Amino acid sequence: MRSEMLSSILSDLNGSSADIEASAVLSTDGLMIASMLPSGMDEDRVGAMSAAMLSLGDRTSEELARGALEQVLIKGDHGYILMTHAGKDAVITVLAKPNARLGLIFLDVRRAAENIAKII
Amino acid sequence: MDLIKINRYCKQFCDLTLEKEQLIQTIGPDLLPYLPAITEAFYTHLLAIDDAVVFLEGRVDSLKKTHLDWLSSLFTKNLDDDFAAHLYHVGAVHVRVELPADFVTGAITFLHQKLIHVVVYLYGNDSVKLLNVLQAINSLFGYNLQLMQLSYQQSMVTAELARFLDITGISHKLFSNMVAAYDKQATT
Ligand code: HEM
């Protein structure tokens, strides 16, 4: 039941913008909870890397006096990776295209994160 | 960590054979009376090394006792898996107090040299026995050093990892999951 609800949130998120290519929900320990990832992408690695980045982001934000972490954004040649907390025990990771309009994606991801936090 | 395997591995590497172990036990009673003086000389030596003094201040007497117990145990106890476990623990304690690993190598070299002196004094008239005893003691000290070095390596990696995780905020659980994710990848 829970996993269906999470999958439906991810599905809505992926459908909300053509710029979003994939998304996943994972525990802060790095274990995958639900995902809509491209085939061939290793779920365990995505989970572990995302949780580690968020953990490091938490520390960096705190260390550099930027307050509580809202999100971690990474940009590569082939697009963006956006990570944000979904409640205190989960993380949402989104992969977006290189020319994505980030403002809209931030909003959609924040909404999805709030919905996920209610379920987890 | 498989101490049975590690113990066997170090003995094999240092050529600490059963015959040598038996010989060490046999000569134990001859050597024991000399060990307190060697311990005294060891601490006099250490206290003359500036970098070592900081580790000894305020606890020389208790360390001397600890040290003499260890040195005596080489000639009185079986060098079994409990012994290996104890030395592993000693390595970890040294890492905890941040004693540089090379101190242990220097210490073993100094003690070995002192024992050679005693052995030559005791058995110098019997060249066959002298050779056998010198070889046995060489293997014995090498074995102790190797065990402590292995322990150092492991404890240092553990300590450095703990520090890294502490700084980054990455939990042990998350780290294990990362390792599992990449190990799995490596084997598929
Ligand atoms: C042959 C090399 C050495 C051996 C076999 C040896 C053995 C030991 C043993 C058995 C202990 C007690 C561990 C326990 O708490 O159960 C110990 C602790 C200690 N050793 Fe060594 N040791 C060696 C070299 C050194 C050297 C060279 C130094 C310093 C210059 C040193 C400094 C210390 C200190 C400071 C402790 C106390 C740690 C604490 O605070 O508990 N050791 N050692």
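## Chain contact and ligand site

The side chains of K173(B) and D29(A) meet in a salt bridge, with N and O 3.4 Å apart. A salt bridge here is a side-chain nitrogen of Lys or Arg within 4 Å of a carboxyl oxygen of Asp or Glu. Side chains of opposite charge can pair when their charged atoms come close. Between chain A and chain B the count is one salt bridge.

This is a predicted model, in which local features need pLDDT of at least 70, side-chain atom pairs count only at pLDDT 80 or more, and totals for chains, interfaces and linings use all residues. Residues are numbered from 1 along each chain as its sequence is written, chains are lettered from A and ligands numbered from 1 in the order in which they are written, and side-chain values use heavy atoms, with hydrogens and water left out.

**The contact between the chains.** Chain A gives 14 residues to the contact and chain B gives 14 residues. Contact means heavy atoms within 4.5 Å. Together the two chains bury about 1,300 Å², and 55% of that is on carbon and sulfur atoms. In chain A, D29(A), R45(A) and R59(A) lose the most area to chain B, together 41% of what that side buries. Buried area is the accessible area (1.4 Å probe) that two parts lose on being put together, summed over both.

Five residue pairs, both at pLDDT 80 or more, are in polar contact between chain A and chain B. A polar contact is a pair of N or O atoms within 3.5 Å; within protein, one must be able to donate a hydrogen and the other to accept it, and residues adjacent in sequence count only if both atoms are side-chain atoms.

**The ligand in chain B.** Which residue is the only protein donor of the iron atom of the ligand? It is H94(B), through NE2 at 2.1 Å. Donors are N, O and S atoms within 2.8 Å of the metal (3.2 Å for Na, K and Ca); water is not among the atoms, so sites may look incomplete. H94(B) sits in helix α6 (residues 81–96) of chain B. Helices (H or I, at least four residues) and strands (E, at least two) are DSSP runs, numbered from the N terminus.

**Chain B overall.** The secondary structure of chain B comes to nine helices and zero strands. Its C-alpha trace spans about 65 × 40 × 20 Å along the principal axes.
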